[in-house]
Amino acid sequence: MGIFPKRWGDPRVRRRLRHPSENTYLVSCVVFSLLTVVGALSRLLSGDPNEPLILLSIPALVFFVRGHHYARQRVNGVRVTEKQFPEAHRMVREAAARFKMSRIPEAYVVLGNGVINAFASGHGFRRYVAINSDLFEVGGRLADPDALRFVIGHEVGHIAAGHTSFWRQFGISVANVVPGVGSTLSRAQEYTADNHGHTFCSEGRHGLRVLAAGKYLYPQVDFRDIAERARTDTGFFVLLVNLFSSHPINTFRFAALDNRSRPGRVL
């Protein structure tokens, strides 16, 4: 991407693992955002100084939010290194190598306060993944390293796929605030990241059961039972829940990981 197309991920790996609908939704979101900004610029030139100035400040806002978010992880989180959480550090390094990335992202463990979550982001030329402590415990104290390996593959996959680029985040920034527009692209991106996680450690996909039952009960959950409910638990309100979610609903997501013959269902 940009001047350094292979800095964070090899294009051939991206194409192979990208959800087939992702680029379509990306173009739609970028066009939506650009048309909004062009309209704001037009109103500014015609003498309306209020709303247009807010929209035209979006690049600075995106830059500030990314920088602030990155600084918060650095000063409050625990840096994953060869000396601190060496096993997780090795997973990050191996994921970067698997996706043919020329640079290894930074990684942090951050206080979860009971929330099961992980994310990937960046600022400037830096990229990083952060894993909430409650989710990190799954691969440590709860002794399920494959689950943690899948999560790390998923998050590093976001970086390898270009999802954390400043220009990408700026391009879809306006679309992200419109219900059902930016979230649709987000779901496609999550499937792309899941493809990376599955490629890196397919055995760890069962760790996503933690999203349904939490870190203590998830070993008792039947992964395939949830996946098969994607065919039976349907209807208008199910689709509505999915439409407004940044991540695919669990039944759709589990089904995509269970049956690799078709891409995940975005809508």
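## Helix packing, surface patch and backbone features

Helix α7 (residues 145-160) packs against helix α10 (residues 182-200) at an angle of about 125°, and their axes lie 7 Å apart. That angle makes α7 oblique to α10. The crossing of the two helices, α7 and α10, is right-handed. The model described here is a predicted one.

A nonpolar patch on the surface is formed by V27, V31 and L35, which together have about 280 Å² of accessible area. Of these residues, L35 sits in helix α2 (residues 22-45). L35 counts as exposed because its relative accessible area is 60%, and exposed residues are those over 50%.

R168 belongs to helix α8 (residues 166-171). With a relative accessible area of 8%, R168 is buried, since the cut-off for buried is under 20%. R168 and L26 are separated by 142 residues in sequence, while their C-alpha atoms are 8.7 Å apart in space.

Positive phi values occur at F85, which is not a glycine, and at K100, also a residue other than glycine. F85 lies in the loop between β1 (78-79) and α5 (86-98), and K100 lies in the loop between α5 and β2 (106-110). The relative accessible area of F85 is 35%, so F85 is partly exposed.

| Residue | Relative accessible area | Class |
|---|---|---|
| L35 | 60% | exposed |
| R168 | 8% | buried |
| F85 | 35% | partly exposed |

Definitions and conventions:
Residues are numbered from 1 along each chain as its sequence is written. This is a predicted model: local features need pLDDT of at least 70, side-chain atom pairs count only at pLDDT 80 or more; totals for chains, interfaces and linings use all residues. Side-chain values use heavy atoms; hydrogens and water are left out. Patches are made of residues with over 30% relative accessible area and no salt bridge: like charges are joined within 9 Å, nonpolar side chains (Val, Leu, Ile, Met, Phe, Trp, Tyr) within 5 Å. Accessible areas come from the Shrake-Rupley method with a 1.4 Å probe; for residues, only the protein chains shown count as cover. A salt bridge is a side-chain nitrogen of Lys or Arg within 4 Å of a carboxyl oxygen of Asp or Glu. Helices (H or I, at least four residues) and strands (E, at least two) are DSSP runs, numbered from the N terminus. Buried means under 20% relative accessible area, exposed over 50%, partly exposed in between (1.4 Å probe, protein chains only). Axes are lines fitted to C-alpha atoms, for helices over the stretch in contact, and angles run from 0 to 180 degrees between N-to-C directions. Angles under 35 degrees count as roughly parallel, over 145 as roughly antiparallel, 65 to 115 as roughly perpendicular and the rest as oblique. A crossing is left-handed if the near helix is turned anticlockwise from the far one by less than a right angle, and right-handed if clockwise.
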